[in-house]
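Subject: Structure handover

Hello,

My notes on what was found in it follow.

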Amino acid sequence: IDQLHKSLSSSDRNLYPVVMNFSRSIGDTEFPSEASRFQVDMVLALALTHHLILTQNLTIEFIMSRLKKFTNKYVAVEFMPLGLYSSTFGKNPNIPEWYTIDWFRDGFSKYFTLLEEKEIGNNRIIFIGQLEG
C-alpha cells in the first residue's frame, strides 16, 4: 500500500488507495463516516469479497450496500468462483454449496445495474455495475 501511495502521489492520476476496516458499520465513531470522506465515481473491489464472505461471514447484502455508499456512479467487483483457491499452493478449499456465480449476480443486481460480467482469468470474474436511478 505504501509503494502504491508513493507511485500515485508522484503522478497526476485521481486514484487513492484506502485502508480501512470494511466490516465496521459506517458511522460507528464520532468522526465523519468513510462514505462521506471517500465518495468517488467508481469503486473497485478486487479480490476482496470472497475473503469477506468466506472467512468473515459477511453477507452479500452487507458488502454490496457498503460499496454502494462509496460510489456516485460505478463499481467493479470481482467474484472468485473457486473461493479461497490458491494458485501458489494449488489448494482448492471446499466452498459452500450456495456460493455460486448466480448467487453473486443476484446479490450484485439488488444494488447495481449490471453493465458487464466477464471472466478475466482463472478464478476471476469481474462485475461492472452502475447505480440505479
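Of the 133 residues of the protein chain, 29% count as buried, where buried means under 20% relative accessible area, exposed over 50% and partly exposed in between (1.4 Å probe, protein chains only). This is a predicted model, in which local features need pLDDT of at least 70, side-chain atom pairs count only at pLDDT 80 or more, and totals for chains, interfaces and linings use all residues. Residues are numbered from 1 along each chain as its sequence is written, and side-chain values use heavy atoms, with hydrogens and water left out.

The pLDDT (the predictor's confidence in each residue, from 0 to 100) averages 86 over the protein chain, and 88% of the residues score at least 70. Among the elements, α5 has the highest mean pLDDT (98) and helix α2 (residues 34-37) the lowest (74).

The protein chain has five helices and four strands; these are DSSP runs, numbered from the N terminus (helices: H or I, at least four residues; strands: E, at least two). Along the sequence the pattern is α-α-β-α-α-β-α-β-β.

Next, the core. In soluble globular proteins, nonpolar side chains tend to be buried together. A nonpolar core here is a set of buried Ala, Val, Leu, Ile, Met, Phe, Trp, Tyr and Cys residues joined through side-chain atoms within 4.5 Å. The largest one has 24 residues, and those with the most contacts inside it include I63, L67, F104 and F108. At least two core residues come from each of β1 (40-45), α3 (49-54), α4 (60-70), β2 (71-79), α5 (101-109) and β4 (124-131). Helix α4 gives the most, five residues.

F108 touches M64, V75, V77, L114, F127, I128 and G129, leaving out residues up to four places away in sequence; contact means heavy atoms within 4.5 Å.

Now the aromatic rings. Rings of Phe, Tyr and Trp (its six-membered ring) pair if their centres lie within 6.5 Å; planes under 30 degrees apart count as stacked, over 60 as edge-to-face and the rest as tilted. Nine aromatic pairs were found in the whole structure. One of them, F79 with Y99, is tilted, at 4.9 Å centre to centre and 35° between the planes. F79 lies in strand β2 and Y99 in the loop between β2 and α5, so the pair ties together parts that are 20 residues apart in sequence. F79 is buried at 1% relative accessibility, and Y99 is buried at 3%.

F108 and F127 also form a tilted pair, 5.4 Å centre to centre with 45° between the planes. This pair links helix α5 to strand β4, 19 residues apart.

Regards
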